[in-house]
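Here is a short report on one protein model. It starts with a single residue and then turns to the wider fold.

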Amino acid sequence: MRENSDIHQNFNGLFDGLQMRRKAENRTERMGLRPHLGEGTIHRLVPRVDLGMAIADFKLRRDREVHLRTETPMVELSYCLHGAREIQVSGARYQVAAGSYALQFVNPASARMHFGEDQHIRMLSIAIPVATFHRFMEATDGSREADFNRIIGSQPYRLYRETIDPTATVLLRQMTQAIDRGGIRNLEVESRMLELMSAAFSSLLQESRLSSAKLSRTDRSKIERAREIVLAKMADPPSLLELSRQIGLNDYKLKIGFKEIYGHTVFGYLRDQRLEKAYRLLQEGEGSVLEVSYAVGYSNPSYFAEAFRDKYGVNPGELLRRTSRSAR
């Protein structure tokens, strides 16, 4: 029980950033993992009372599931720079892979986060309360283009995902390097956090508003059919234009509608499903790494191994060897 308490204390800022308890007068603290848990740090910064950030950089010594609870509604923007994480809320599973970011709307709820053994995790998460989110969303004429309650309703959790674009990549690198060097002012940290949030809100919330307004029940049925086609033809999927023709929906509405319903682009979703299927096949010992990579649609085994390692923190060959050893 003591070990679980230590883990909860160290990872709380990743899911529930604003409930961090500051210990240092300058509002920042860097916490190291206990040696028996793993190695690495979680660096927490609070440039102002309604704006918090956590930078996590660590490896755990074995697979762990971390149980968390958020007590107040909040909005969190998370960038997955290396490794991957899986979140489970009310029985639903959400995955955020390396090179992607997630905008999360959270009502009071319990959650579980899974981290793999020896997986290098590097993430940056920004958290704000709902009142601050609403203030950011207000236009100068007093109108508000996005509302927390309309977005999440009575759901415990809602997530939008997208690939990190080059501009955000540069900004993240500059900010993390400056923080690692030390001496960066709160003003600089806050301005860069706001720039990241502004870009993410503009990209994700504009598209979600358009899709919510224009997706009919028939449109949703067609998009669900698109998902079925993609999964059935995982090894040789149609292009976006071919898929839109097959379901009878224009490619623009398919693109934004798919993200609205499934929280990811069509081919981002396909990538996750391919890797999940590959993981299951390797765990079950269903063929060699080469055979599994071809079975899920990767014609380049090296690219498959890299994508698999980024998502699960282990090479596919090593997972297959572990499976073989445990079966003996």
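I152 counts as buried because its relative accessibility is 1%, where buried means under 20% relative accessible area, exposed over 50% and partly exposed in between (1.4 Å probe, protein chains only). The residue is found in helix α3, residues 148-152. Helices here are DSSP runs of H or I with at least four residues, strands are runs of E with at least two, and both are numbered from the N terminus.

I152 touches F105, V106, N107, Y157 and R158, leaving out residues up to four places away in sequence. Contact means heavy atoms within 4.5 Å. F105 lies 47 residues from I152 in sequence, yet the C-alpha atoms are 6.6 Å apart.

The model is predicted: local features need pLDDT of at least 70, side-chain atom pairs count only at pLDDT 80 or more, and totals for chains, interfaces and linings use all residues. Residues are numbered from 1 along each chain as its sequence is written, and side-chain values use heavy atoms, with hydrogens and water left out.

Now the chain totals.

| Property of the protein chain | Value |
|---|---|
| Buried share of the 328 residues | 49% |
| Share of contacts between residues at least 6 apart in sequence that join residues at least 24 apart | 71% |
| Accessible surface | about 15900 Å² |
| Carbon and sulfur share of that surface | 47% |

Accessible areas come from the Shrake-Rupley method with a 1.4 Å probe. The chain holds 12 helices and 11 strands.

Four of the strands form an open sheet in the order β4-β9-β6-β7, paired antiparallel. β4 (64-70) and β7 (92-96) stand at the edges with a single partner strand each, so one side of each has no neighbour in the sheet. On average, neighbouring strands of this sheet are turned by 25° against each other, direction ignored. Two strands pair if DSSP finds at least two bridges between them. Seven bridges join β4 to the antiparallel strand β9, residues 109-115. E65 has H114 in β9 as its bridge partner.

Which helices pack at an angle of about 125°? They are α6 (residues 217-232) and α7 (residues 240-247), with axes 9 Å apart. α6 is therefore oblique to α7. Axes are lines fitted to C-alpha atoms, for helices over the stretch in contact, and angles run from 0 to 180 degrees between N-to-C directions. Angles under 35 degrees count as roughly parallel, over 145 as roughly antiparallel, 65 to 115 as roughly perpendicular and the rest as oblique. K222, R225, A226, I229 and V230 of α6 make the contact with L243, Q246 and I247 of α7.
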